[in-house]
Amino acid sequence: MEKVIAIEHLSKSFGTHEVLKDIDFTVNKGEVVCIIGSSGSGKSTLLRCVNLLEKPSGGQIIYNGENILDNKHDIHAYRTKLGMVFQQFNLFNNHNVLNNCVVGQVKVLKRSKEEAEKTALKYLKVVGMEQYVNAKPSQLSGGQKQRVAIARALSMEPDVMLFDEPTSALDPEMVGEVLKVMKELAETGLTMLIVTHEMEFAKEVSDRVVFMDKGVIAEEGPPEQIFNNPTQERTREFLKRTL
Ligand code: ADP
Ligand code: MG
């Protein structure tokens with residue numbers, strides 16, 4: 001299997017609070033990995049370290065065989081290879097839907113406006129939002145906003161998509177439309193790393209599930225193992241509380 005990202009001995013502290021402790025894990029090409037765990041266990045911090053929104057305190061991030069934390073590496077180029085979808089959408093409210101998906105391509109990837117619009121439309125179709133190109137985010141429902149945020153990230157044509165609880169801020173009736181889009185993306189072979197509380201979704205789409213507890217990976221394995229036959233007591237405890 002081809003490794004896209006390998007995390008080795010990653011640690012992260014805020015002051016004296018060690019939030020991530022000696023984390024090792026790998027994301028392979030085409031794999032869908034879901035990260036589950038209690039609130040405060042370090043899931044968001046892990047994703048934010050992977051895309052360098054946070055600077056790791058220690059360890060290595062190996063991307064396509066290179067340690068991107070060594071000084072000579074171009075962190076900027078690395079970050080363009082990762083698409084990120086946040087709980088709170090983070091759309092540009094002053095831009096319409098199309099422009100939300102265009103600006104990053106033009107500014108960061110130096111694509112022409114024409115090419116960027118063509119790419120944006122392609123991915124807005126993928127998420128079923130192509131009829132809303134002229135709408136402003138304020139005119140959209142939460143589910144629609146999140147689908148635009150996904151299209152915006154996809155428009156950068158990243159190697160890996162990172163999702164941090166993409167449905168946690170949504171009204172319950174809108175969760176399904178976003179999970180459906182993500183499931184369709186997973187089926188296209190996109191490499192995805194997803195923090196989620198949606199256990200049924202994780203069970204259905206993951207190739208591998210990572211259970212985090214208090215800053216460590218307490219257990220990881222195929223969804224059948226984690227959900228039906230966990231080896232760790234704390235995995236069982238967590239699932240008992242959530243399911
Ligand atoms: P999760 O996403 O699993 O809920 P987080 O990664 O958000 O967990 O947080 C893990 C721990 O790190 C929590 O105790 C949180 O308070 C702490 N933490 C997260 N970000 C910061 C920060 N910027 N400064 C200080 N502490 C933080
Ligand atoms: Mg979080």
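This report covers the pockets of a predicted model and the surroundings of its ligand.

The model is predicted, so local features need pLDDT of at least 70, side-chain atom pairs count only at pLDDT 80 or more, and totals for chains, interfaces and linings use all residues. Residues are numbered from 1 along each chain as its sequence is written, chains are lettered from A and ligands numbered from 1 in the order in which they are written, and side-chain values use heavy atoms, with hydrogens and water left out.

**Ligand 1**

Which residues surround ligand 1? They are Phe14, His17, Val19, Ser38, Ser39, Gly40, Ser41, Gly42, Lys43, Ser44 and Thr45. Each has a heavy atom within 4 Å of the ligand. By class, this shell holds two nonpolar, eight polar and one charged residues. (Ala, Val, Leu, Ile, Met, Phe, Trp, Tyr, Cys and Pro count as nonpolar; Asp, Glu, Lys and Arg as charged; the others, Gly among them, as polar.)

Two elements, β2 (17-28) and α1 (43-50), each supply at least two residues of the shell. α1 gives the most, with three. (Helices are DSSP runs of H or I with at least four residues, strands are runs of E with at least two, and both are numbered from the N terminus.)

The table lists polar contacts, which are pairs of N or O atoms within 3.5 Å.

| Residue | Polar atom | Distance to an oxygen atom of ligand 1 |
|---|---|---|
| Gly40 | backbone | 2.7 Å |
| Lys43 | side chain | 2.7 Å |
| Ser44 | side chain | 2.8 Å |

The protein covers 60% of the 560 Å² of accessible area that ligand 1 has on its own. (Such areas come from the Shrake-Rupley method with a 1.4 Å probe.)

**Pockets**

The largest pocket has a volume of about 670 Å³. (On a 1 Å grid over the protein atoms alone, where a 1.4 Å probe fits, a pocket is an open set of points with protein on both sides within 12 Å along at least five of seven lines; lining residues have an atom within 4 Å of a point. Volume is the space filled by probe spheres set on the points.)

Its lining has 23 residues, and Leu82, Gly104, Val108, Arg152 and Met156 are the closest to the centre. α2 (75-80), β6 (82-85), α3 (97-107) and α5 (142-155) give two or more residues each. α3 gives the most, with five. The lining has 12 nonpolar, eight polar and three charged residues.

The second largest pocket holds about 190 Å³ of space. Its lining includes Leu52, Glu54, Lys55, Asp70 and His73. By class, this lining has four nonpolar, five polar and three charged residues.

Terms used:
A polar contact is a pair of N or O atoms within 3.5 Å; within protein, one must be able to donate a hydrogen and the other to accept it, and residues adjacent in sequence count only if both atoms are side-chain atoms.
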